Every structure is written in C-alpha cells, then in structure tokens.
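Walk through this model with the viewer open.

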Amino acid sequence: MSKSETAGRHARARALAERLGGRPLVLVGMMGAGKTTVGRRLANRLGRQFLDSDEEIEKAAHMSIPEIFAQRGEPEFRAGETRVIARVLKDTDIVLATGGGAFVNLETRALIKAGALSVWLKADADILFERVSRRANRPLLKTDNPRATLEKLIADRYPIYAEADITVLSRDVPHEAVASDVINAALHHLKT
C-alpha cells in the first residue's frame, strides 16, 4: 500500500470516528461472517475499544456459550444476550460484534437501532459453511445436517439482518479489505 493510500485510509477512519461521535458501531450477521475479526480491525483503525457480545455473555454467566445452551437453553441465553448488549451499548467509542441471533431478537434489535450504527456483514452460504465448519463451538449447528441448518438460518435471518443501517459484503478477501468497506459504507451512510 502506498503512502497516499495509507494516508487516505487513516483520514477516512478519522472522519468516521468524528461522524460517529461516541455512538457505538455494531456488527450483525451470521456466524462465520467475520464480525469478530473485522470488528477488531475496525476498532483498531477507529481508535475504539472492541467488544464481542458472546465473550461478554460468557464473562457475565461464568460459563461458555455451549454450556449456557446445554444447561439453561436458548431462551435463557437470548435473555442474557439482550441484557449484556443493553449494558455495553451504554459505553461510548466501542465496536461491538454480536452473536448471529442477537439482531433477530426484536428487543435487542430495537436497542441496537436506537443507540448505535448497525452494519450487517453479509456472506453467502458457501463462505459461511466453510468458515463455521472449522470450529466445533456452534451450538445451533449441532444437527444431523449442519449445512441444511445453516441454510434455514440464512433464510430466516437475512430479511431481519437487512434492517441494519448498512450492509457490507463479507467475502473471501483479507479482513482489512472488509474493514475498509465498512468504513467507506458508514461514511457514505452518515453523509446522507
């Protein structure tokens, strides 16, 4: 990357940080869309703290997410998720990566839409399946046919994720490129 490209990239990140004020930037989307890895890069470039709602839930519950699902069930997990997201959205200057089901919850979605700029990292099923197949910590995919389960989740969730303020395509490129796409899309959104 040339000096002028680097300078331009830094200028766009500074401009976005200024336009956001202290308002949180929240990444939503399916498991495997890159919310955590892209979110860390965004936080770094914007000079913000990065938070992952799943990590915050695990800290609050003193349990892993698979343990919460197994011992308390998905409804209790979702209730805890809403409480944690409500708490962290009170912080300023954060980039928050949410779990795949967070934005689907009406109450959580309303909290995010009222207090943050939401960005849907949208990825196609092939990319998502390839990414999530590498990890065993996905409770919703512990089924006989995880690919079919993922496709059903996509069909159910994509119309809801489309309510995010901004949509950015998560594709098979370096996460820095997707972070740049988020910054550019957010700047464009905030200009209008």
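UniProt positions are given in the numbering used here, with feature names shortened, and the annotations may be inferred rather than shown by experiment. This is a predicted model: local features need pLDDT of at least 70, side-chain atom pairs count only at pLDDT 80 or more, and totals for chains, interfaces and linings use all residues. Residues are numbered from 1 along each chain as its sequence is written, and side-chain values use heavy atoms, leaving out hydrogens and water.

The unreviewed UniProt entry annotates Thr36 as "binding site". Thr36 lies in helix α2, residues 35-46. Helices here are DSSP runs of H or I with at least four residues, strands are E runs of at least two, and both are numbered from the N terminus. Buried means under 20%, exposed means over 50%, and partly exposed is in between (1.4 Å probe, protein chains only). Beyond neighbours within four places in sequence, Thr36 contacts Phe50, Asp52 and Ala97. Contact means heavy atoms within 4.5 Å.

Now turn to the interior. A nonpolar core is a set of buried Ala, Val, Leu, Ile, Met, Phe, Trp, Tyr and Cys residues joined through side-chain atoms within 4.5 Å. The largest one has 58 residues, and Leu25, Leu42 and Leu121 touch the most other members. Helix α4 (residues 65-88) gives the most to this core, with seven residues. Look at Leu25. Residues up to four places away in sequence aside, Leu25 touches, among others, Leu42, Leu46, Arg48, Ile94 and Val182.

Next comes a helix pair. Two packed helices are described by the angle between their axes and the distance between the axes. Helix α1 (residues 3-20) packs on helix α8 (residues 175-191) at about 50 degrees, with the axes 10 Å apart. α1 is therefore oblique to α8. Axes are lines fitted to C-alpha atoms, for helices over the stretch in contact, and angles run from 0 to 180 degrees between N-to-C directions. Under 35 degrees counts as roughly parallel, over 145 as roughly antiparallel, 65 to 115 as roughly perpendicular, and the rest as oblique. Arg9, Leu16 and Leu20 of α1 are among the contact residues, as are Glu176, Ile183 and Leu187 of α8.

Finish in the loops. His62 is not a glycine, yet its phi is positive, about 55 degrees. His62 sits between α3 (53-61) and α4. With a relative accessible area of 71%, His62 is exposed. Asp93, also not a glycine, has a positive phi near 55 degrees. Asp93 is in the loop between α4 and β3 (94-97). At 34% relative accessibility, Asp93 is partly exposed.
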